[in-house]
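Work through the exercises below with the model open. Try each task before you read its solution.

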Amino acid sequence: MEGIRGDGASSASPLSQWGHDAWRMYQYYLDKTTPHTAYRWIGTLVITAIYCLRVYYVQGFYIVAYGLGIYLLNLLIGFLSPLVDPQLEVTDGPLLPTKGSDEFKPFIRRLPEFKYSMTKSFCIAFVMTFFSVFDVPVFWPILLCYWIVLFVLTMRRQITHMIKYKYIPFSMGKQKYTGKKPSASSSGFRV
């Protein structure tokens, strides 16, 4: 009886160990690429181009492309949204300032690095194009029009939310103080 449990545990253990080792190796290389933003984006663009060429030459897998587009839209919304939505809940953590007199609190994204998920999603979609079960015959212009309508409506809602709660999800780096600028009245010329 004890040998049966031991055999079952040992046969599942190498598979879970292999999965854990693969995940650790993936995370190791992901962490090594963190400071190289430009190279990460170039790699993502290359993978995106390879996927687009595959779909173009095969002339199929439009459902996979549509699903990928919906997923990327979801990632974009997560990237543009604050971690704590001021509309939903008030917590003790960092919140976005709603008035000019409020203390500055940095914008913390709900999804900080969507690039990695984006690259992974293009890789998964690329692999899916090799299986004919995912090649469902559809009229792709309807899917494209529906995705564009969905994108416009979703972005309009997100931009309205950004305007209402006065936050900008992008920063242009640290602002530098350049000193007091001379005004026209202090230059000595009077009219």
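**Exercise 1. Is Phe 151 buried, partly exposed or exposed?**

Step 1. Note the ground rules. This is a predicted model, in which local features need pLDDT of at least 70, side-chain atom pairs count only at pLDDT 80 or more, and totals for chains, interfaces and linings use all residues. Residues are numbered from 1 along each chain as its sequence is written, and side-chain values use heavy atoms, with hydrogens and water left out.

Step 2. Buried means under 20% relative accessible area, exposed over 50%, and partly exposed in between (1.4 Å probe, protein chains only).

Step 3. Apply them. Phe 151 has a relative accessible area of 28%, so Phe 151 is partly exposed.

Step 4. Phe 151 sits in helix H5. Helices (H or I, at least four residues) and strands (E, at least two) are DSSP runs, numbered from the N terminus.

Step 5. List the partners. Not counting residues up to four places away in sequence, Phe 151 touches Leu 73 and Leu 76. Contact means heavy atoms within 4.5 Å. Phe 151 and Asn 74 are 77 residues apart in sequence, yet 9.9 Å apart in space, C-alpha to C-alpha.

**Exercise 2. At what angle do H3 and H5 pack?**

Step 1. Two packed helices are described by the angle between their axes and the distance between the axes. Axes are lines fitted to C-alpha atoms, for helices over the stretch in contact, and angles run from 0 to 180 degrees between N-to-C directions.

Step 2. Read the values. H3 (residues 62-80) and H5 (residues 140-164) pack at about 5°, with their axes 10 Å apart. That makes H3 roughly parallel to H5. Angles under 35 degrees count as roughly parallel, over 145 as roughly antiparallel, 65 to 115 as roughly perpendicular and the rest as oblique.

Step 3. Sort the contact residues of H3 with H5. They divide into 15 nonpolar, three polar and no charged. Ala, Val, Leu, Ile, Met, Phe, Trp, Tyr, Cys and Pro count as nonpolar, Asp, Glu, Lys and Arg as charged, and the others, Gly among them, as polar.

Step 4. Name some of them. On H3 they include Tyr 66, Gly 69 and Leu 73; on H5 they include Trp 147, Leu 150 and Thr 154.

**Exercise 3. Summarise the fold and the confidence.**

Step 1. The protein has five helices and zero strands.

Step 2. Buried residues make up 23% of its 191 residues.

Step 3. The average pLDDT (the predictor's confidence in each residue, from 0 to 100) is 78, and 64% of the residues score at least 70.
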